Amino acid sequence: MTVSKGTWNGYETYILKSKQLEVTLLPKLGNNVIGIRDLQENRDILRRPEESDKDFYMQKPYHFGMPMLMPPGRIRRGHFEYDGVEYQFDQNTANDNHIHGLHRNQSWRVADIDENETGCQIVTELLTADDANWMRQYPTPLKLEMSLQLQGTSLMQRLKITNLGEHAAPFGFGLHTWFLLDGEPSRWTLKIPVSDQLVQDEEQIPTGEVIPLHEWEELNTGMNMAHRNWDNLLRIGDKRPVSAELRRDDGYGLRYSADPDYFKYWVLYTKGESDQFLCIEPYTCLPDAPNSTHPREFTGLIELEPGVPVELSLQLDVIEKYTML
């Protein structure tokens, strides 16, 4: 169980390694887990940016790895008010809306590294007050602390958020995790607990209307990935556990779990027809949640009280072939 250093386009990376997995973190460009490699299967689990992808990565870092979205999805016209504070995010997508939050390529500081017989861990942190572009759009200062812990075939990710300001502030979080299908979507089946789906308007912003799953009901028992073209918002409701399971036909697979106290929604996205990619995106809240007329219990919007930290946790487990039931 080791943590070593590498580089990507001249930027320092940190590589967490067990006998089964190699996890690459890029702290200086958005603190993104840009790669996870299964050493036993000799395959990449995530869409990893090549060195030649630098320009695209700098423009849209959420197209690779496990990028963090703060908040996830779209905000109508990029604008909302909360506790007497006005927030105006950059209007960076169609219809002058904002998409996928303020976290892009910020440089995070490595605060701690630990290696022992059972696992290895790296802790990184970011003070948003040090980022003038962030503060221009979200004027409430936050302290963000992320830990990655690797133990065998399990990767645990925790994000702690602390409001350093004087007003309560709204917060939403998601991950846009790019799982690879290796050009063989028919070999993969997705099982994920969901109760219903959210209607979205012509600007891909939720209306707040909930409708039955219909053909998506199959996700609760297992849906094959062949010929899918997805960009859909699904609600967990009372379904438990909050885990997505992606299985190959030989029993190999991945289990992606999220804290059910906070993560209420999944977005499934295939970037066109599912051939190479399936993005499984756990969200704590609806897109445009600060502008919703629905209560926070429905939208999932997190209220950050000054000085009171909130901790979110997720876990990715590799399911080895011989564990197939």
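Visitor: What makes the contact between the side chains of Arg-247 and Glu-245 a salt bridge?

Guide: In this predicted model, an N atom and an O atom of the two side chains lie 3.2 Å apart. The limit is 4 Å between a side-chain nitrogen of Lys or Arg and a carboxyl oxygen of Asp or Glu, so the contact qualifies.

Visitor: Why does Arg-247 count as buried?

Guide: Its relative accessibility is 17%, and buried means under 20%. Arg-247 is therefore on the buried side of the cut-off.

Visitor: How many salt bridges does a search of the whole structure find?

Guide: The search gives 19. One of them joins Arg-77 to Glu-203, with N and O at 2.9 Å.

Visitor: What makes the pair of Arg-77 and Glu-203 a tie between parts apart in sequence?

Guide: Arg-77 sits in the loop between strand 7 (74-75) and strand 8 (79-82), while Glu-203 sits in the loop between strand 19 (196-200) and strand 20 (206-211). The parts are 126 residues apart in sequence, so the bridge ties them together.

Visitor: Is Glu-203 buried or exposed?

Guide: Glu-203 has a relative accessible area of 12%. That is under 20%, so Glu-203 is buried. Arg-77 has 34%, which falls between 20% and 50%, so Arg-77 counts as partly exposed.

Visitor: How do you know that Asp-196 forms a salt bridge with Arg-235?

Guide: The closest N and O atoms of Asp-196 and Arg-235 are 2.9 Å apart, and the limit is 4 Å. Asp-196 belongs to strand 19 and Arg-235 to strand 22 (residues 231-235), so this bridge ties together parts 39 residues apart in sequence. Asp-196, at 11%, is buried, whereas Arg-235, at 22%, is partly exposed.

Visitor: Which residues are linked in a network of salt bridges?

Guide: The network links Glu-41, Glu-184, Arg-187, Arg-248, Asp-249, Asp-250 and Lys-321.

Visitor: Why are strand 11 and strand 21 said to stand at the edges?

Guide: They belong to an open sheet of nine strands with antiparallel pairing, in the order 11-12-13-14-28-24-23-18-21. Strand 11 (109-115) and strand 21 (223-224) each have a single partner strand, so one side of each lacks a neighbour in the sheet.

Visitor: How do you know that strand 12 and strand 13 pair?

Guide: Pairing requires at least two bridges. Strand 12 (residues 120-127) and strand 13 (residues 142-151) have eight, in the antiparallel sense, so they pair. Within this pair, Val-123 stands opposite Ser-147.

Visitor: What is the make-up, by class, of the lining of the largest pocket?

Guide: The lining has seven nonpolar, ten polar and five charged residues. The volume of the largest pocket is about 440 Å³. Of its 22 lining residues, Tyr-62, Arg-74, Ile-99, His-100 and His-176 lie nearest the centre. Strand 22 gives the largest share, three residues.

Visitor: Which residues line the second largest pocket?

Guide: The lining consists of Lys-191, Ile-192, Pro-193, Asn-220, Arg-240, Pro-241, Ser-243 and Glu-245. Lys, Arg and Glu count as charged, and the lining accordingly divides into three nonpolar, two polar and three charged residues. Its volume is about 170 Å³. Glu-245 is also the salt-bridge partner of Arg-247.

How values were computed: Residues numbered from 1 in each chain as written. Predicted model: local features only at pLDDT ≥ 70, side-chain atom pairs only at ≥ 80, totals over all residues. Heavy atoms only, no water. Helix = DSSP H or I, 4+ residues; strand = E, 2+ residues; numbered from the N terminus. Buried < 20%, exposed > 50% of the residue type's maximum accessible area, 1.4 Å probe, protein only. 1 Å grid on protein atoms, 1.4 Å probe; cavity = no way out; pocket = protein on both sides within 12 Å on 5 of 7 lines; lining within 4 Å. Points joined across faces, edges and corners; volume = space filled by probe spheres on them.
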